[in-house]
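Me: I would be grateful for a close look at a single part of this model. Please treat it in one connected account.

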Amino acid sequence: MCGIVGLYLKNPALNDQLGALFEPMLLEMTQRGPDSSGFAIYRDLQPEARLKLVLQCADNDFSWPELAAELTRTFATDVDFKVVHTHCLISMAAEEAAVRRYFARASLPCAVVSIGRHIEIYKEVGLPQQVAGLFNLREARGSHAIGHTRMATESAVTTAGSHPFSTGSDLCLVHNGSLSNHNRLRRKLEKAGAVFRTDNDSEVAAQYLDVQMRQGASLEQALYAALDDLDGFFTFTVGTSDGFAVLRDPIACKPAVMAETADWVAMASEYRALAGLPGVETARVWEPEPATVYVWEQSGRGRTASKRAPEVVAA
Amino acid sequence: MSASETLPTTRVVDLRSSTVRELNQALHDLPPDAALSRWEVRSAAGEHALAVGINAPCTVEIKGHVGYYCAGMNKHAEITIHGNAGTGLAENMMSGRVVLRGNASQSAGATGRGGLLVIEGDAAARCGISMKGIDIVVRGSVGHLSAFMAQRGRLVVGGDAGSALGDSLYEAQIFVRGQVTDLGADCIEKEMRAEHLEALGALLEAAGVNLPARAFRRYGSARTLYHFNVDHADTY
């Protein structure tokens, strides 16, 4: 059992309240996942040439200023950094692939938690309330957030094994369920260039989407392909730069509920996580269909979200 | 004596100031032979296990969406939910009546032994799974694997039914008005005879669902899975 929550604000006037609206959703799911928690916040979109990285290091003696200086020298860029508990938010001008290569090669004790122009992921072992407090979730501003409360079943309770899992530029994945063919799939994905940090089945799902999309699939195509290639139980929520996507496996044992008003779209494992949102009493509330990809995103004509018809099939 | 004096007063429980445990304990404290009592539950806010295990002829009105297992194991009570319900609505109901004004998540009416469950919206997957005598009337549609291994009782679907309807069915009866994606193993369409039309009409009326019985088709068990067939030994 795990808990998933997602909140996307259609009305930008609410952006200042993202954390205040989202934190209670996450905490409400504590019973579903008390051992670790994490969230992705989409805020402060960087200009085209710049990247945001969130790095994590459990070693308190690790020198973030030294790393920033090293990045400045290596990438010939100015580097802004802000330390948040065990994580460090870095802004720099660089190519994502080059930065990934750098951290894959460098023998550093820190790990890349998220990478993109928009996304910031923070995650830790501990009760959701503690984790939210460590990273000051309540004060967070932004357009949308994805969160997870973990009750580990498949692998160790560690920071790296917590969700969300970064799946490449500005994407992240949270998972409720368990995959049964993840070991075989992990070996296949490693041959396709994926580098794994944990034994976690959900990381395999995240890397699967990453590999699919690097091979040219759209997010929807990658998710529909996942229905064929992933064996097991899942409700996934995928955070994207301008929205989020939801997919349940065809058996649909793992719960999910969605709600929408003129101001926001939200999803959660259980309705009680949505019960505090403003206007939820009159929101459209529904259960996402099994084996159907739901995508909500900012349209070209303002901040309206829409569900795409699920006719796209895997390439 | 005026009408208002004969009606019991309604006891209001607001879950912002009372716990679910206090609510359920108060409902359990009603003796089975008590006179009718009326309850209203406010601020449900998706809480789990509301109004479960009642064994008394009371009426309970629940305002708001409810979480898992609402009205489970109900005996005698008439429970109305003004909202949507999570997993396992009215599971293992013994008797009484549960009415849901909105949509139900998976496994609504699971294993129910008696009583009537009315869902005015849609029900998700596995509606009436392993039902054992309950009547379930869904005004809208039901998801996949509904009435899986259903043993007794009736599942009535005013809309469509998802795939594998009635898989491994025993003696429960299924009536569907709309499309059936596909039938599960050993579930077949059966003739709608006069006695079925009459019984279904009475059930629809009892459920307050205004649909004509003749618009429904009947499904039931082909009864080929009841006994081990030695000719099929190789397939096991």
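How many helices and strands are there in chain B?

Reply: This is a predicted model, in which local features need pLDDT of at least 70 and side-chain atom pairs count only at pLDDT 80 or more, while totals for chains, interfaces and linings use all residues. Residues are numbered from 1 along each chain as its sequence is written, chains are lettered from A and ligands numbered from 1 in the order in which they are written, and side-chain values use heavy atoms, without hydrogens and water.

Chain B contains three helices and eleven strands (DSSP runs, H or I of at least four residues for helices and E of at least two for strands, numbered from the N terminus). Their order along the sequence is α-β-α-β-β-β-β-β-β-β-β-β-α-β. Chain B is as compact as a globular protein of its length, because its radius of gyration is 19 Å, close to the 18 Å that the globule rule gives for 236 residues (taken over C-alpha atoms; the rule is 2.2 Å times the number of residues to the power 0.38). The C-alpha trace of chain B spans about 65 × 40 × 30 Å along its principal axes.

Of the 236 residues in chain B, 51% are buried (under 20% relative accessible area, with a 1.4 Å probe and protein chains only).

Chain B also meets chain A: twelve residues of chain B are in contact with 14 residues of chain A (heavy atoms within 4.5 Å). The two chains bury about 1000 Å² between them, 48% of it on carbon and sulfur atoms (accessible area lost on being put together, 1.4 Å probe, summed over both). On the chain A side, A:Y271, A:R272 and A:E287 lose the most area to chain B, together 40% of what that side buries.

Key:
Buried means under 20% relative accessible area, exposed over 50%, partly exposed in between (1.4 Å probe, protein chains only).
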